[in-house]
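Biologist: I would like to learn how to read surface patches and chain totals. Please take me through them one at a time.

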Amino acid sequence: MKIRLQSFLALLLLGFILAVAICAPIISPSDDVENPSSYKRVGSIIDRLPHPPNENALLGTVPAQWDVFHSLVWGTRDALKFGLVVSLVVATIGTLIGSISGYFGGLLNSIAMGITDGFLTFPVIAAILFSTMFLALLSNYVGIELHLTDVGMLEQREIVSESVPSELALWIFNTLTKINPFMVALILFSWMPYARIVNAQIIRLKKTEFVLASQILGARDSRLIFKHLLPNAISPVIVLVARDVGAMVALQATFVYIGLTSGSPWAAILFWGRNWIIGPGGSLLNYWWLFVPATFALILFGIIWNLLGDELNVWLNPRERRIAL
Amino acid sequence: MIATLLVVTATMYGALMLFPTGARIVLYMDGEQPLRTSEEWDAAADIILEKNDLEAPFLVQYFSWIQNLFKGNWGYSWMLGDNIFHALLRYAPATIELTIYSLLLLIPLGMLSGMMAGLRKNSLFDWVFRIFAFTATSVPLFIVVIIMLSIFYISLHWFPPGRIGISTDLFLKSGAFKTFTGLLTIDGLLNGRWDISLEAFRHLAIPVFALSLAHWATLSRVTRATVIDELGKEYIVSASAKGLPWRVVVWRHIFRNVLTPVLTNSALSATSLISGVYIVELICNFRGISNFIIFGLMETDIPAVIGFSIYSILSVLLIMFVLDLAQAITDPRIREEVMGR
């Protein structure tokens, strides 16, 4: 079999980034081996100048002395984790909604697709704003104050109510500290394309002979959906998942950069360094380590998953069913 | 469309119903009383509680709130220091300007380049186009903006960020400049000050180009794939075989068949376009509706967040509606279906 150059390139780059993620503790050892952090401080916190590359920090430091190289290496772990978790959860939700409503059809399908369209009109940024506000309000009424931190919102949480909080309040507090409102919002408002694609596929497949045959043989609904319909409808979903891993990380990086959330070390470097991007005399080259490595990492990550999606599209979908894009 | 809007607003209000009454008082304030001290605030809150029954069942409250929305009373934001509706009117023109110019740039460009690449499949142009479009889809939007700012603003000094320069801004506020539409590029011409229009265009250049680039890439890739798909169909062969000039085949036959899927696709990406508008605004310091994000999020300003959400949904629905209309105009099948009803 002939292997396309693009496939080879996609696999090579994916292997490279996976290797970096797995070998992160060897490439850039963390100070705390038990509980490794994606950020490492080399030097004093009150030192507000970015320092050029030296033997302690291979790619220099941003203001407050965060090591660029360390965050760059460990950022691959965070990006892979975030992208894979979000896009897999989103794909599962979308596929389930799309397939079940498509299979039963009728009024259920109209309602489900109507809800899908309603969600589609909500721009992600408005959704994130709304769910963050909702969580903040919720915690306010439970008696917890949410604080702003350096990068992103709602990071440190403490109980501020004067009376002793009730059991329920404590439970909500503990749950809230584990939730990333940004991730929740992103999951809630990204499943629609999957539902639509799967829905269209299932409705098309429902009328084919092999489905009718097993229906006549007395197969249960769940068996029909999961054994017969979904395996035939899943290939565009796989393509979309591959593309979404890159897209979700890009979206997260965007929101970290404008200061709405946290979690992407790559974008955090850009966030901390953004006042220094323009050097003295309007020169971009004076403080290049503040933005060149992180930008490069973000672009590379996006390209890898897009390339992978395109190649999966070619491999999985025969010519006529290939999804455009 | 209206049903979607009703369902979404009902969901948002329903979410707020989960909280005690106090959380919803701000939604009914019109900002006409002075609200500087906590006593004044309490007095205003008492008046609202007297006038509106905030313990009423959901539907009753929801409809009284919707009535308020139609009256132009969208709640008072103490971060913006104004009624939300007035604030929206103040900031929306900048956002509308940015959105309209981006759409005007990206739809024709995306379709043309996609057509050209699809018709010359595997040519040099096609390869360059594919690599360029692929890269443009992979690079996050904010990085595109940073790169553009660093080249065109910092290095070349061509296109400054912000909405308008400081000296012009002072002139705009001096009263000598009449505001007709709020869109600076058009108002400048209407006032006979083409230099202000030119300056507004220079400030618009980076946001518009960055926003268009990201969405141009998806649009033109869809167009290219559809064109290649259409080229293999039999009606093209028969049209060529009966001796039609290639130009006619392309523009009469292929183009009109490509239009429908492409317009559907761009209607679907309207949501990401609107999200992109705010991101670009924030990074370029183009003071539009994105102000609501800054103020609304920092202090859980409920009316600001709700107003922002409604504005976003309205603009998405409007873009979808216009593109659907364009589809109905260009596609006889849809046109007849709509007329038939």
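Biologist: In which helix of chain B is the place of B:L6?

Modeller: This is a predicted model, in which local features need pLDDT of at least 70, side-chain atom pairs count only at pLDDT 80 or more, and totals for chains, interfaces and linings use all residues. Residues are numbered from 1 along each chain as its sequence is written, chains are lettered from A and ligands numbered from 1 in the order in which they are written, and side-chain values use heavy atoms, with hydrogens and water left out. Helices are DSSP runs of H or I with at least four residues, strands are runs of E with at least two, and both are numbered from the N terminus. B:L6 lies in helix α1 of chain B.

Biologist: Is B:L6 buried, partly exposed or exposed?

Modeller: Buried means under 20% relative accessible area, exposed over 50%, and partly exposed in between (1.4 Å probe, protein chains only). B:L6 is partly exposed, at 41%.

Biologist: Which residues make the nonpolar surface patch?

Modeller: Patch residues have over 30% relative accessible area and no salt bridge; nonpolar side chains (Val, Leu, Ile, Met, Phe, Trp, Tyr) are joined within 5 Å, like charges within 9 Å. A salt bridge is a side-chain nitrogen of Lys or Arg within 4 Å of a carboxyl oxygen of Asp or Glu. Areas come from the Shrake-Rupley method with a 1.4 Å probe, and for residues only the protein chains shown count as cover. Here B:M1, B:I2, B:L6, B:L318, B:F321, B:V322, B:L325 and B:I329 form a nonpolar patch of about 800 Å². Two or more residues come from each of α1 (2–17) and α14 (302–330) of chain B, and α14(B) gives the most, with five.

Biologist: Which residues form the negative surface patch?

Modeller: Asp and Glu count as negative, Lys and Arg as positive, while His and the chain ends are not counted. The negative patch consists of B:E39, B:D42, B:D46 and B:E50. Of these, B:D42 sits in helix α2 (residues 38–51) of chain B and is partly exposed, with a relative accessible area of 45%.

Biologist: What are the helix and strand counts of chain B, and what are those of chain A?

Modeller: Chain B has 15 helices and two strands; chain A has 13 helices and four strands.

Biologist: What share of the residues is buried in chain B, and what share in chain A?

Modeller: In chain B, 51% of the 341 residues are buried. In chain A, 52% of the 325 residues are.

Notes. Charge placed at Lys NZ, Arg CZ, Asp CG, Glu CD.
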